Amino acid sequence: MLFRSEFTSTASFTVRGAQQQPQDMLGLAGLAAPTEASTDARIVADYIRSSAMVQALRRSAGFNEAYSRFSLDPAAQISPRAAIETATAFWRHKVKVTSELNSGATTFSVRAYRPADAKRLADGVLAATERTVNSLSTRPMGNLQQVNLDEVERTKAEFEAVKNRLAEFQGTTAVIPTAAPVTQALNLVGGKIGRAHV
């Protein structure tokens, strides 16, 4: 028989990104707004079909053993020494990935010529993808924490400047009660200063 039988192993997982935001104008128009989950799902789908995945499967999931066995069909096998570009093109004919961008759910299937090979490769995809997803989940959090810290420091500096201006003004006049809200005090300060220059 020229063509070899193939076996398929299928798995699904969900990329859990940031919490969904309230429905916006795109949602009201029936369009899905981009979310962290949808972005991560797209990244993961690309990763599963990438040369980086092939390298990971070559290292730890028996990629070469699964696909280098002799076949009368030359398109059904690939040399273990094949260039990464060639191996990646071959892999893309053996793996199928679909993503539900709204929920972050990803399903993939791997085809191989033995059931054990298909299962081992699918397990390898899951393991490599889990490492990638974990790195995606920690990277934005670190960036977000830094942004929050920067914002806190900027706000603290602005608040201290307001307090200093208010203290200086209260030192020259007793018009503003010390218990007055900061926004009210600033309005009064601005009014007094404006009138003083007239």
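Reader: Hi! What should I know about the model and its numbering before we start?
Author: It is a predicted model, where local features need pLDDT of at least 70, side-chain atom pairs count only at pLDDT 80 or more, and totals for chains, interfaces and linings use all residues. Residues are numbered from 1 along each chain as its sequence is written, and side-chain values use heavy atoms, with hydrogens and water left out.

Reader: Great. How do α3 and α5 cross?
Author: The axes of α3 (residues 51–60) and α5 (residues 84–92) come within 9 Å and cross at roughly 95°. That makes α3 roughly perpendicular to α5 (angles of 65 to 115 degrees count as such, under 35 as roughly parallel, over 145 as roughly antiparallel, and the rest as oblique). Axes are lines fitted to C-alpha atoms, for helices over the stretch in contact, with angles running from 0 to 180 degrees between N-to-C directions. Helices (H or I, at least four residues) and strands (E, at least two) are DSSP runs, numbered from the N terminus.

Reader: And which residues make that contact?
Author: From α3 come Ser-51, Met-53, Val-54, Gln-55, Leu-57 and Arg-58, and from α5 come Ile-84, Ala-87, Thr-88 and Trp-91. Contact means heavy atoms within 4.5 Å.

Reader: Switching to strands: what pairs with β3?
Author: β1 (residues 7–14) runs antiparallel to β3 (residues 105–112), with eight bridges joining them. β2 (residues 95–100) is also antiparallel to β3, through six bridges. Two strands pair if DSSP finds at least two bridges between them. Thr-10 has Ser-109 as its bridge partner in β3, while Thr-98 stands opposite Thr-107.

Reader: What about the β2 and β3 hairpin?
Author: There are four residues between its strands, and Gly-104 takes a positive phi near 85°.

Reader: Last one: what does the side chain of Asp-117 join up with?
Author: Its partner is the side chain of Arg-69, through a polar contact of 2.5 Å (a pair of N or O atoms within 3.5 Å; within protein, one must be able to donate a hydrogen and the other to accept it, and residues adjacent in sequence count only if both atoms are side-chain atoms).
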